Every structure is written in C-alpha cells, then in structure tokens.
Amino acid sequence: MRRCSSTRILQRKCNSQDVEAIVASVVKRRFNDKPRVAAGLIRLFFHDCFVNACDASILLDGDSSEKTAPPNLSVSGYDVIDEAKGLLEEACAGVVSCADIIAIAARDAVQLSGGGRYEVQTGRRDGSVSLASNVDLPSPRFSVSQSADAFAKKGIGLTDMVLLLGGHTIGFTNCSLFQDRLYNFDNTGKPDPTMDPLLVMKLRLICPRNSPADRTPVSLDQNLASTFIVDNSFYKQIRLGRGILQIDQALALDPLTNNTVASLANGNDFLARFGQAMVKLGAVDVLTDSQGEIRESCHLKNKPRSTLLFG
C-alpha cells in the first residue's frame, strides 16, 4: 500500500499557509448553513475512494465520467471542494490535490457533526481516468457476504466495513432504495419481516406504494435526535430492527457482523475507531510522488504542457 504523508509537509509546500484551516473554513461555513452537507462530503469521499482509488476521479466532468454513473447521480459536495480548491490555488498554485481536499473535507464534516478529529494523511495526487463503467460500489441491497467481498477487493476487512457503514449515522436515502422492504420484500407481497412494524407504517406514509418520484429524504439513523450527529446511535437502531437500507439491517443480524455491531452499539469507542477506518480507506491504492497530477481545476484534467523546440 502506498503511503501518504503528514499535512505538515503539505503546509511547508504551501508557503506556510495552513492548508487544513483553509479547507475547514469553507466546510464550516457550508455546514453552519446546511448541516446535511456533512453527509454529502463523507459520501463523496467514500464514492471516490471505492472506485480506482482516492484520486478525485469522481470530480472529473465528461459524458461518461464516474459522476454520470447511477449510484453517483445523487452525490453532493462538489461545490464545497471547488470553493476550497479555488482558495488553495490562490495560496499556493499546483500544490494541493483535489483528492487531498476531499479527504480533509470529509474529516472536517465528521468533526463538525460531533465525531472525533483524526489526522488526515496527505500527498495524494489526482487521477486522469474517470469512467462510469468503473463504478462498482456495493449495492445497498447486498447481503453482508456480498458487501464483505466488495470491501475485501479494496483491502478492507469485515470490521472496518462495519465501521465505515457507520457513516450512515448522518446519512440520508431515498424511497426507491428501500421501498421493496415496505411492500414486496423478495417478491413476497409483504414487508421485510426484519423491519420494525411501526417503522414500516411510518415509512409507508413517506413512501407511498408506486410513488412516482423520491420526494422526502429519509434519515438512515432513525433516532431523529441524532440525525446530524456522528455517534453510535445508528448501531443501536439497527439492533432494534430500525435499519432503513437492507445492508444496514443485515449487519445487525448476520453472524459475520452482529457481534461487532453489538460491541459498537454498547461501547464508547466508535468515534475513534471510525476515524481509523476512514484513514485506512483514504490510503487505498492512492497515487503519490510522480503518479497522477495536481489538477488546476478539479473538474478537468490538466492540459499537456507544450514543449518548445529550438533549432
């Protein structure tokens, strides 16, 4: 696994500017205006890192780029990264990669939402390949075994998978991703028997059968006092049969993961362990040193530099 470096090194390269503080100022202002931006930034980080590497390939524009893949159509946070990139280019052009900005912004989102602050390694470089056909994110309808296989391909083990899915503590989703659990689970014509019947009744009011469009975002942590807080409430809720996505509920029931879920629900170490898992994800197959590039614009690959020939 290629290694990133300390943010102190990045700071020295950026004319002694505090790179993390610049990113944090943007994230904090956006968060204060709209707390849901935190969930968007964490999701952006995950969707970038899980495809190819943490190389900001999800930011690249194009008719068939990653952001056009169905799982990425609802991804948000691009404007936050753009604003931070603009400020950093003013401070030290060509020094801070878009990939590093995504990682720092995700950490700031966790911290602002009540989670622990963890050190973000830097030194990532930006990739040049972004194809919708490469997007192989684990489906919310996966079984635990299927999800574990997908994470294992990225070098991430079962426990870290459970921790990373704990990011759903401040997540939201749309009716289309769980409506089958309310009306016709596994083509039975009945709701998913593992879902709390009172929750089924509540969600049917939000997501009517055959509703034409996703209207109201649904919190993945059904302790509504904890909707915007990074904590272990998510694990407590799925142990009560109050998971929204199929994979979330399965975590609490499957023998492969139920002990880990119980430990996180009853313990007080989720915040520290979640940060560690985010650091591991942020180091998967990163581009460093002479690999990749530092994009001038996060949406576009750099133009090739012309070479002057002297006769």
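A disulfide is a pair of cysteine sulfur atoms within 2.5 Å. In this predicted model, the structure holds 4 disulfides. Counting bonded cysteines along the protein chain, the pairing pattern is 1-4, 2-3, 5-8, 6-7. The tour visits three of these links, then a valine.

**Stop 1: Cys 14 and Cys 92**

Select Cys 14 and Cys 92. Their sulfur atoms lie 1.9 Å apart and form a disulfide. The link of Cys 14 and Cys 92 is left-handed, with -80° about the S-S bond. This pair links distant parts of the chain, 78 residues apart. To place the two ends, show the helices on either side: Cys 14 is in the loop between helix 1 (7-13) and helix 2 (19-33), while Cys 92 is in the loop between helix 4 (78-91) and helix 5 (98-112).

Is Cys 14 buried or exposed? Cys 14 has 0% relative accessibility, so it counts as buried. Cys 92 has a relative accessible area of 4% and is therefore buried, because buried means under 20%.

**Stop 2: Cys 49 and Cys 54**

Next select Cys 49 and Cys 54. A disulfide joins them, with an S to S distance of 2.0 Å. Look along the S-S bond: what is the handedness of the disulfide of Cys 49 and Cys 54? The torsion there is about 120°, so this disulfide is right-handed. Cys 49 and Cys 54 are both buried.

**Stop 3: Cys 98 and Cys 298**

Move to Cys 98 and select Cys 298 with it. These two cysteines are joined by a disulfide, S to S 2.1 Å. The torsion about the S-S bond of Cys 98 and Cys 298 is about -100°, so the link is left-handed. Here too the pair links distant parts of the chain: Cys 98 sits in helix 5, Cys 298 in the segment after helix 13 (270-281), and 200 residues separate them.

With the surface still on, check both ends. Cys 98 has a relative accessible area of 0% and so is buried. Cys 298 is buried as well, at 2%.

**Stop 4: Val 279**

Finish at Val 279, which is in helix 13. Its relative accessible area is 26%, so Val 279 is partly exposed. Which residues are in contact with Val 279, leaving aside its neighbours within four places in sequence? Select Tyr 118, Glu 119 and Gln 121 to see these contacts. For a distance across the model, draw a line from Val 279 to Pro 197: the C-alpha atoms are 37 Å apart in space, and the residues are 82 apart in sequence.

Note on methods. Residues are numbered from 1 along each chain as its sequence is written. This is a predicted model: local features need pLDDT of at least 70, side-chain atom pairs count only at pLDDT 80 or more; totals for chains, interfaces and linings use all residues. Side-chain values use heavy atoms; hydrogens and water are left out. Helices (H or I, at least four residues) and strands (E, at least two) are DSSP runs, numbered from the N terminus. Buried means under 20% relative accessible area, exposed over 50%, partly exposed in between (1.4 Å probe, protein chains only). Contact means heavy atoms within 4.5 Å.
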